[in-house]
Each structure stands twice: as C-alpha cells, then as structure tokens.
Amino acid sequence: MNKVIKVKKGLDIPLMGMVEETSIAERQAGRIGISPEDYPGYTWKVAVKAGDIVKRGDAILYAKEDERVSLTSPVAGEIDTVARGARRRIEYVSIKASASQEQRDFGEMKTTAEREEMLMRSGLFALIRQRPFDIVPFSGIRPRDIFVTAFDTAPLASDMLRGVDLKDLESGLKYLKEMTDGEVYLSVKGGSGIESNFAQVVEFAGPHPAGLVGTQIAAISPINKGEYVWTLDAVTAARIGKFFTTKILDFSTIVALTGEDIAKPKLVKTTIGAELSTLLKGEIKAGESKKRVISGNVLTGKQVDPEAGFLGIPYRQITVIDEGDQADEFMGWASLNPKKYSVSRTFPAFIFGLKKPYYFDSRIKGGHRAVIMTGEYDKVFPMDIYVEYLIKAIIAKDIDKMEQLGIYEVAPEDFALAEFVDTSKLELQKIVREGLDYLRKETI
C-alpha cells in the first residue's frame with residue numbers, strides 16, 4: 001500500500017480559465033526556440049550557425065564545462081536565428097521545422113554508462129534539475145535519490161499524466177533507478193492508483209504546493225548539506241523511458257491554454273519550444289485591454305511576447321490574463337466589491353466562499369516595504385523552514401545562516417505562494433534565485 005502524505009499548509013488560487021474539455025487538439029509550430037536561460041547551471045556555447053541543417057536530437061548548444069551536456073533540436077529543420085543580446089549573450093536559437101523529421105542516430109545504449117552519456121547528449125539530461133541550487137545537474141555526480149512528480153497543483157494546471165504512456169513512465173523509472181545508489185520516488189495525486197516496480201510511490205493530498213517537488217522532498221526525505229538529488233516531472237521520465245527502450249527521442253508535449261482571456265481554454269499537442277504565435281492564433285479574447293501572456297502558470301511562469309516568443313520550461317501551460325493597466329475601481333483598495341479576492345479577508349468575498357473562480361489581473365496590489373513579521377508566509381509554506389529569516393540571510397549574503405536555515409532544500413518556485421500573499425510584495429523568487437547562484441559561486 002502506498003504511503004499517503006497530507007499537506008495542510010498552502011493555497012489553491014481560484015482563477016478563471018480552467019480547461020474543462022478532455023479532447024486534445026494538435027498544432028505543430030513552424031518554428032521552435034531554445035533559450036539557454038531555461039537551463040541554469042552551465043555556460044552554454046553555440047554549436048550551430050544560421051542556415052545549418054539539423055536532425056532531431058542534434059546539439060544546438062553544449063556546456064562549456066562538459067561538452068557531452070547538450071541542448072538538442074526538438075525537430076529536424078534549418079537553423080533560423082541565433083539571437084544575441086547585450087555582451088553577445090545568447091538569448092535563443094530558433095529552428096524552422098522541416099516536413100521530414102529525421103532523427104540523429106545515438107548508437108548503442110546497452111550499458112548503464114552508455115545510457116548515462118546518451119542521456120546527456122540527447123538533451124534529456126538538461127530537463128532534469130538538481131537540488132541544491134535548482135540547476136541542470138552536475139555531470140559525473142550520482143544523486144542520493146531521484147524524485148519524480150506526476151501531478152501539478154499550480155493555478156489552472158491540467159492533468160500532467162494526460163497523454164503519457166504509463167509503460168514509458170515505468171521504463172523511465174527503471175532506467176533512472178540505475179543512475180542512483182538510493183531510491184527513486186514517484187509522487188502521485190492521492191487516489192490515482194498508480195503502482196511501480198522500480199520506484200517508491202507516495203501519494204499526496206492537499207492544496208498547492210502539494211504538487212511541487214520541494215514540498216514532496218521535504219515530506220519524504222529532506223536534503224542535508226553535501227547531498228545531491230535529482231528532480232523531474234513524469235513527462236520527462238516517460239521521455240527517458242521511451243528513448244532508452246525504442247531509441248525514439250520524443251519532444252512532443254501537451255500544453256494547457258488557460259486563463260480568463262483565453263476564449264476557450266483547451267489542451268493542445270505540440271513540440272517543446274513551439275512559437276507562441278501558432279499556439280495562440282485565434283485563442284485570445286478580443287478587447288481593448290492589454291493582455292499578459294505567461295509561459296507557465298501565474299505564480300512561477302515567465303512573461304513572453306505572444307508574437308515573437310516561444311514556449312518555455314516546463315512546457316506544459318500557457319496562461320493569459322489582463323494586465324490591469326486600464327482598471328478604474330471606485331474607492332480602489334478600500335472597495336467593498338464582493339467580486340474581489342483577498343487571502344487576508346480585506347474584501348467581503350470570503351462570505352461567499354474563496355473557492356469559486358475569481359477575476360485576477362497582473363497588478364501587484366500592494367506596496368514595497370521592509371519585511372514584516374506577520375506570519376503570512378507560514379500559512380502557505382509547508383516546509384519546515386523559517387522563511388523570513390532565510391530571506392533576510394540571503395539579502396545579507398550570510399552563507400552560514402543561509403545554510404543553517406535550509407537553503408540547500410529550496411528552489412525559487414517554493415516561495416511563489418509566499419510571494420503572492422506577501423504584504424511587502426518582495427520578489428522572493430528572484431531573491432532566492434540570486435541567493436542560490438551566490439552560494440554556488442562561493443562554495444563550489
């Protein structure tokens with residue numbers, strides 16, 4: 001019988017724009033974009049130039065620190081653009097997909113050592129994350145354990161396992177088991193009924209962030225200083241299983257088009273890194289108000305240009321909401337409008353229930369000020385960490401206190417809910433990202 005863990009602290013934000021239908025439309029993009037910014041931890045070098053012809057699985061960028069670690073082309077086609085920004089920093093590489101989708105031959109993958117190398121060369125290794133530091137894993141280091149999450153509790157997230165072949169997932173867990181001396185843990189939604197011969201299955205129940213791997217690690221087996229673990233989602237694990245079993249490198253993904261400003265929220269099958277102009281064509285509601293397009297969910301996603309941008313990690317969701325720049329509310333923050341949502345019960349919406357869908361836009365609706373010890377973070381942060389003190393230690397760049405307060409256990413996404421409820425409106429995720437990067441630079 002699977003172990004069941006109940007997460008009590010957290011918050012499900014009731015946004016409008018959930019996908020209701022189960023059918024999946026197919027929409028293949030003509031251009032695919034890969035951004036090094038989505039893959040922290042390595043210095044990426046370009047392996048191609050505009051006009052080059054590539055196969056699916058050919059290296060587009062490689063890591064300066066270990067040339068085996070590659071970001072590969074999700075499609076066969078022609079290199080369209082190598083876009084650079086300030087100081088020649090690589091912003092993205094785009095590929096024009098061709099009609100014929102020929103794949104690179106990766107050769108034999110019979111031994112564990114061969115599979116580990118092909119994992120790095122295929123680009124699948126770059127989809128895994130390592131804790132501490134929340135980066136693409138260090139090559140050559142075997143993780144203590146590997147944590148695979150099979151459900152997502154973020155706002156408007158869809159079923160992660162929809163479209164995933166459970167046989168591929170089981171194969172992926174089998175091969176991941178070879179790469180650690182410890183355990184492989186598969187976290188699933190309570191009542192899913194999923195079993196595995198190669199992983200310890202743990203069921204989780206409760207509000208967001210129950211679906212975040214950081215919450216799951218803290219509940220199953222916390223990280224100590226000097227230990228390394230890998231984390232990935234079930235979609236990536238299934239890709240790994242399919243690759244090692246059939247030699248087919250599958251970069252397809254099912255994306256949920258969500259948010260109140262999507263005319264009809266739906267599921268779309270496409271390729272990771274797909275251009276947004278194709279995915280969103282005819283999907284955004286017409287109107288005078290400016291829209292914010294987010295690759296990901298509203299808590300941890302990245303704002304992108306709907307005309308020139310590409311689908312970014314984790315490649316599972318696009319959210320569209322109003323910017324709110326034309327909002328004109330009577331009495332502003334002092335309004336008694338029952339349609340306004342508030343965690344702190346500032347507005348009377350709680351009388352009617354906080355679980356029904358509410359209208360949200362991108363406005364912060366708060367003021368920047370010093371850290372206030374109100375206990376707000378503790379209500380939504382389920383990990384055994386003193387958030388305010390850790391944030392202060394990061395700002396002060398006090399490495400000893402950062403280590404004592406649990407920085408090795410966390411990633412920026414773990415602080416997204418705390419950032420949402422924060423009275424001071426601090427950019428907690430940015431602070432934690434900068435703290436992790438500083439710690440890695442100073443200690444490794």
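Modeller: Start with contact, meaning heavy atoms within 4.5 Å. This is a predicted model, in which local features need pLDDT of at least 70 and side-chain atom pairs pLDDT 80 or more, while totals for chains, interfaces and linings use all residues. Residues are numbered from 1 along each chain as its sequence is written, and side-chain values use heavy atoms, without hydrogens or water.

Biologist: What covers the buried residues of α2?

Modeller: Buried means under 20% relative accessible area, exposed over 50%, and partly exposed in between (1.4 Å probe, protein chains only). Helices (H or I, at least four residues) and strands (E, at least two) are DSSP runs numbered from the N terminus. The buried residues of α2 include Asp168, Glu170, Leu173 and Tyr175. Their cover includes helices α1 (112–122) and α4, together with strands β11 (145–149), β12 (184–189) and β14 (229–233).

Biologist: Which residues have the most contacts inside the largest nonpolar core?

Modeller: Such a core joins buried Ala, Val, Leu, Ile, Met, Phe, Trp, Tyr and Cys residues through side-chain atoms within 4.5 Å. Here the largest has 72 residues, and those with the most contacts inside it are Tyr39, Phe125, Val148, Leu186, Phe244 and Ile318. Helix α4 (residues 234–246) gives the most to this core, seven residues. Among the residues that Phe244 touches are Met109, Leu119, Tyr175 and Met179, leaving aside residues up to four places away in sequence. A separate second core, of 26 residues, includes Ile135, Tyr377, Ala393 and Ala418.

Biologist: Why does Met373 count as partly exposed?

Modeller: Met373 counts as partly exposed because its relative accessibility is 44%. Met373 is found in the loop between α6 (349–352) and α7 (376–380).
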